[in-house]
Amino acid sequence: MSTPPSPSPRRPDRRHRRRGNYAILVGLSSTGILGMGAVAVDTAYVHLVEAQAQAISDAAAHAALVTLKLSGDEDQARNTAKAFVNAHKLVGKMADIDIDSDIVFGSWDFDLQQFDASASYVNSVQVSVNKTDSSVNGSFNTLLMGMFGTSHQNAQTQSPATGAMRFREIVIVQDVTGSFAQEIDDARDADLAFLDAVYADDFPGDRIGMVTFVGSATEYTPLEYVNDDYSAIRSDWANLDWCDRSYYPYYYYGPPYYHSAPQMMPCNYQNSYYLSYYDSGTAQGTGLDAAIDMLLSSGDDYSTKTIIIVSDGQPECVYRSSDWAAEAACTAAREQDAYDAADWAEENNISVFSVSFNDTYNATQSAVMEALVRGNGEFYETPDPADLPDILEDIAEKIPIALVQ
């Protein structure tokens, strides 16, 4: 009887032999993996601190500019910036700022996009909220990098923000229809009060102009520098009157005959029959169009452009005939023209403030005038013409400033 062959030795399972290798690899690489994780966490943390500091700087620069614009006092603006910074926390602690070295006033060159702290003209402020070894806030500790004995345990950030007051280019669109004859003195006073308020702000780059309108519009004052030409502009505006127009429908002192040649209607001629019969109605759209043309053709690319329309009526046409259907269609077209002009202003970054003098209260007038507001503009309405100067002075303070960097 033969002996069965002996079984071959069992081959070892290689998977069992390699099981310890992975543990060694994980152990050897864990330091690197944790280190990269620490770098990622701390990099995100540093960016968070930088974002916090930048947000505080931006807000403080804007607050300082608002104070400077309203008061003209740099010390007040400094105190405002510091108080605003102190009202926020940075890395869990109250943020602070050196009022002398971290708040700097100067001039911003819009063409070169540069801040000049040595300029004689101040239209800008630079606020820096820093966390460095030499700053009042000190540096800040990273979260994990210090565990690995690196030199990056203390992190630093500098976050300056520059804000500048853009120079303003403003056109007043003044209604001079016959219905404004009794209140034109108040409207003129309001326009002059606005001019005085802009001049008092003392921004050399500001320019102002005026358009007057009835059924058509004309340029009364081109865009001129307020600081340089203030006296001439004021003298010109002081003569503004409701009858200062030389466009259709042409007026004539005498019987109600139609005259094809332009005539200036005397200001002392205020017969209500002739005014209502010959007046070409009201076309706010023509005034807005003329103002927009002025700002786009003569304005500067970097300015804050604003239109202020002052009117005592709604869009309307006045026909010499009794074709009421044609008159109604013309009136509707003029209303749409006004809305289209306001939209055109907004498309070109021009804000529109609307001032409605509504003494007998016409709901349509109120609705139309309010619908003309665009951008940063606001709607004002009053039944009292004596309120107009205060309204325009208020608007002078509301034309905005902007952060530039």
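Trainee: Among contacts in the chain between residues at least 6 apart in sequence, what percentage join residues at least 24 apart?

Mentor: Please note that the model is predicted. The chain contains 9 helices and 15 strands. Counting contacts between residues at least 6 apart in sequence, the share that joins residues at least 24 apart is 70%.

Trainee: Which residues of helix H8 are buried?

Mentor: Helix H8 spans residues 363–371. In an α-helix there are 3.6 residues a turn, so residues three or four places apart point the same way. The buried residues of H8 are Gln365, Ser366, Val368 and Met369.

Trainee: What covers the buried residues of H8?

Mentor: Both helices and strands contribute to this cover. Among the helices are H6 (284–298) and H7 (324–347). The strands include S12 (304–311), S13 (350–357) and S14 (379–382).

Trainee: At the start of H8, which residue has a side-chain oxygen that reaches the backbone nitrogen of Thr364?

Mentor: The backbone nitrogen of Thr364 has a side-chain oxygen within 2.9 Å. That oxygen belongs to Asn362.

Trainee: Why is the disulfide of Cys317 and Cys330 assigned its handedness?

Mentor: The handedness follows from the torsion about the S-S bond. This disulfide is left-handed because that torsion is about -65 degrees.

Definitions and conventions: Residues are numbered from 1 along each chain as its sequence is written. This is a predicted model: local features need pLDDT of at least 70, side-chain atom pairs count only at pLDDT 80 or more; totals for chains, interfaces and linings use all residues. Side-chain values use heavy atoms; hydrogens and water are left out. Buried means under 20% relative accessible area, exposed over 50%, partly exposed in between (1.4 Å probe, protein chains only). Helices (H or I, at least four residues) and strands (E, at least two) are DSSP runs, numbered from the N terminus. Contact means heavy atoms within 4.5 Å. A polar contact is a pair of N or O atoms within 3.5 Å; within protein, one must be able to donate a hydrogen and the other to accept it, and residues adjacent in sequence count only if both atoms are side-chain atoms. A disulfide is a pair of cysteine sulfur atoms within 2.5 Å.
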